[in-house]
Amino acid sequence: MSSFPLFPEAASSIAHEVDLLYFFILAVCSFFAVLVSALVVFFAVKFRRRHPDEVGADIHGSIALELLWTVIPFALAMAMFVWGADLYFRIARPPADSMEVFVVGKQWMWKVQHPDGVREINELHVPINRNIKITLGSEDVLHDYYIPAFRVKMDAVPGKLTTMWFRATKAGTYQIFCAEYCGTNHSGMIGRVIAMEEHDYEAWLAGGRSTGTAVENGERLFTDLACITCHKSDTTGRGPVLAGVFGNPVRLMDGRTVVADENYLRESIVNPQAKVVLGYQPIMPTFQGTVSEENLMQLIAYIKTLKAAPPAAPTGGQ
Amino acid sequence: MTHGTQNSPSYLDAPYGIWSWLLTKDHKRIGIMYLISVTVFFAIGGLFAAGIRTELLTPQGDFLTADLYNKLFTLHGVVMIFFFLIPSIPATLGNFLIPIQIGAKDLAFPRINLLSWYIYVIGAVFTLAAVFMGGVDTGWTFYTPYSSIASNTNVVLAALGVFITGFSSILTGFNFIVTIHRMRAPGMTWFRLPLFIWAHYATSLVMILGTPVVAITILLVFAERAMGFAIFDPRAGGDPVLFQHLFWFYSHPAVYIMILPGMGVVSELVAAVSRKQIFGYSFVAYSSLAIAIIGFLVWGHHMFVSSQSIYAGLVFSIITMIVAVPSAVKTFNWTATMYKGSVTWESPTYWVIGFMGLFLIGGLTGLFLGTMGLDVHLHDTYFVVAHFHYIMVGGAIMAFLGGVHFYWPKMTGRMYPEAMGKISAILVFVGFNLTFFPQFVLGYLGMPRRYHAYPEDFQILNVLSTAGAGVLGLGYALIVFYLVASLFKERNAPANPWGATGLEWQIQSPPITLNFESDPIVTEDAYNYAGRAGHGGHAKKAGEV
Ligand SMILES: [Cu+2]
Ligand SMILES: [Cu+2]
């Protein structure tokens, strides 16, 4: 037995906020737990039966008291709700300036890919004081990427991409757990976050073996998988132009309009018939099974970089 | 009426022999058959728990293999929830007491009542078959796509057992609702009903509205797993998160199937041990209905990190916080009932106070989990494990055991040794807290549930928890021992050993097959203890303490 901690380390920007809310609810709940327990014991002793035939006083209730102990718990519960919801929205929505890391869960390991292509397994090296957005995928069943010291977790759901984010505030090594049961070696699907000073992180990156950045890999896949034959940079292709598509609304054949986010792009690769763009034929084959979860993330990373060409007007002539 | 003056034999003596029990239509005998069956499953589920706690004594997974450990926690959950907790109070005490408390001779459909026991047993056989054929390892939650495409254990057999048992619960709920509507004695108006009846009415609503949904969900898993229909498998366009919505649509309300009847028992016990009208009767009655109805709208609080829309999460969180209020109201009313009561210190009081303490902690810790920003950290950790054990073991089982002690004289005609009733209540209370309180700390530290091996930092708390489980097990075993031993003594229970109100205490112990010698007519409210003061009793006056 090495140590006997009773409270987890707090090493992210959000951790202290989570702890603060925790202590608030703990204080409220302790107050009521002690109050009610004390009253129950006190009444049981003070009003104990002194005669075998004795009965209690003829009291039926009190509307005023009922209102009081309905309204006060309700108000406190609403305060907890609002505080918790506000915090949750900040935990759930990654800031726009986040550095993006791809993590794929599979029975029973975590595969990590950094933006510049460095990969690692079960470990995650990050710089401190930088917002890190994690895009999570799963190759098989549900998993959950959980870093207790950062107070964040998110399910890795097969068939879609999920996101989480954090900003580490203290250099150190922190536990990663899989928090969603995933079969035999679920409790072995663990790892560690190594949060480092920026320059240590740069040094670590430089020492890593990069096999090309996510975008470069995505671009290569885009050619290798022949996506490029239909999705051309001009409108002559059989598939929609992908430049500038990310983050923008897309009109579909069935009349709906959806925003082309990561999950839309992912779905359009593995299940192209699900949402067909208006004006195009449903002819794209599925890439389900041919493209791994990591490759999907690379393709998406690449597609996200394709910016719409500026309006053609000022070029003049041919 | 007193014991021994009747001409009709008691329900225990009237026809004898095994078939007179297995083919009985008497709600009391069926209640006893359920009591025996659920006790057997409680013991089985407890053995699985013993295996789990033994493994967790050390951080390394060294006592059991990972696969065996995974099967043990799965079976512990399946057996305890579907074969013990859900039927525990309704099918035993509910079956026994509902007709008597409303002044009826039996439930509305005695044959359907017997059928529901057989369905329960058939479901249990399927699940036990799954155990003996190698077990199942999906967790009691059967989450897809693990359960539908990845696990290579007996998912189909175990799920079929749960599916079948669900029908017994639907039939019981249906029977109770019809009985409570149609079979009340003259004068037994809705607001004279004991709160035990209100609680069971609310529970029955959940049973008949919720259980079909879990049945359909299980069928869908079956269709995907056994017949290849793609419903939850994302590789074929299915949605694994859909399963969680369907599953929790039933399984959150199922928590209320487990705790509402316990609240009903506690309402009876608080009034009886205080010899006082329940404080705010109608608030306690309506809060049962409120819990049952609002409880259907909170399922998504299990899914804050599942990729469910964050706006949906917002709605589920606020309704979750709202559903906490009626439980708080009940607790305050029980407490106020003891004020200026005539509180006995006989064994049922120990169970009531134990229930209050544990249920309080269980309920209050639900607030931590319903709060979204905090749940992100706590979700699927031991905090959740501790929370729901405080509700289901601390709350529901304390109430169940309190009820079994309180009604034991009525059911069997025997008193148990009073001292034993108190010692076991204390053992269970202490053992329970020692087992589960450390798990709150473990949860906030970040220990995930369903872990076969864990980091060394968590060991001391886990050792405490396992030690507590030993004490808890001892307490439960002691109860079985002295209650069974009491059956071999003479029938010494008077008709009303606790001096309680209610029709069940006006008939002999144990009751005759048709419950009442002559049809009862109800002329007073439930818990009219003050009205008894005139008959030689001492009433506490306001100010007299
Ligand atoms: Cu896992
Ligand atoms: Cu729930």
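Strand 7 (residues 143–147) of chain A runs antiparallel to strand 10 (residues 172–178) of chain A, and two bridges join them. Strands pair here if DSSP finds at least two bridges between them. Helices (H or I, at least four residues) and strands (E, at least two) are DSSP runs, numbered from the N terminus. This is a predicted model, in which local features need pLDDT of at least 70 and side-chain atom pairs count only at pLDDT 80 or more, while totals for chains, interfaces and linings use all residues. Residues are numbered from 1 along each chain as its sequence is written, and chains are lettered from A and ligands numbered from 1 in the order in which they are written.

**Chain A overall**

- Chain A holds seven helices and 13 strands.
- Its radius of gyration is 27 Å, well over the 20 Å that the globule rule gives for 318 residues, so chain A is more spread out than a compact globule. The radius is taken over C-alpha atoms, and the rule is 2.2 Å times the number of residues to the power 0.38.
- The C-alpha trace of chain A spans about 105 × 55 × 45 Å along its principal axes.
- Buried residues come to 37% of the 318 in chain A. A residue is buried if 20 or more other C-beta atoms lie within 10 Å of its own, exposed if 12 or fewer, and partly exposed in between, with C-beta atoms placed from the backbone.
- Of the contacts in chain A between residues at least 6 apart in sequence, 68% join residues at least 24 apart. Contact means that the C-beta atoms of two residues, placed from the backbone, lie within 7 Å.

**The five-stranded sheet of chain A**

- Five strands of chain A form an open sheet in the order 5-11-10-7-8, with mixed pairing.
- Strand 5 (123–127) and strand 8 (152–156) of chain A are at the edges with a single partner strand each, so one side of each has no neighbour in the sheet.
- From one strand to the next, the twist averages 20 degrees.
- Tyr146(A) has Phe177(A) as its bridge partner in strand 10 of chain A.
- Helix 3 (residues 198–207) of chain A lies across strand 5 and strand 11 (191–196) of chain A, at about 130 degrees to strand 5. Axes are lines fitted to C-alpha atoms, for helices over the stretch in contact, and angles run from 0 to 180 degrees between N-to-C directions.

**Strand 2 of chain A and its partners**

- Six of the eight residues of strand 2 (residues 99–106) of chain A are buried.
- Seven bridges pair strand 2 with strand 6 (residues 131–138) of chain A in the parallel sense. Val103(A) is opposite Leu136(A) in strand 6 of chain A.
- Strand 3 (residues 109–113) of chain A runs antiparallel to strand 2 of chain A, joined by five bridges. The two strands form a hairpin with two residues between them.
- Gly105(A) has Trp110(A) in strand 3 of chain A as its bridge partner.

**Interface**

- Contacts link 83 residues of chain A with 90 residues of chain B.
- Elements giving two or more residues to the chain A side include helix 1 (15–46), helix 2 (63–92) and strand 7 of chain A.
- Helix 2 of chain A gives the most to that side, with 17 residues.

**Chain B overall**

- Chain B has 15 helices and one strand.
- Along the principal axes, the C-alpha atoms of chain B fill a box of roughly 75 × 55 × 45 Å.
- In chain B, 63% of the 545 residues are buried.

**Helix packing in chain B**

- Helix 14 (residues 418–445) and helix 15 (residues 459–486) of chain B pack at about 155 degrees, with axes 8 Å apart. They are therefore roughly antiparallel. Angles under 35 degrees count as roughly parallel, over 145 as roughly antiparallel, 65 to 115 as roughly perpendicular and the rest as oblique.
- Helix 10 (residues 310–338) and helix 11 (residues 347–370) of chain B pack at about 160 degrees, with axes 10 Å apart. That makes helix 10 of chain B roughly antiparallel to helix 11 of chain B.
- Residues making this contact include Ala324(B) of helix 10 and Gly363(B) of helix 11 of chain B.

**Ser288(B)**

- Ser288(B) sits in helix 9 (residues 281–294) of chain B.
- Ser288(B) is buried, with 26 other C-beta atoms within 10 Å.
- Beyond its neighbours within four places in sequence, Ser288(B) contacts Trp198(B), Ala199(B), Ala202(B), Leu260(B) and Met263(B).
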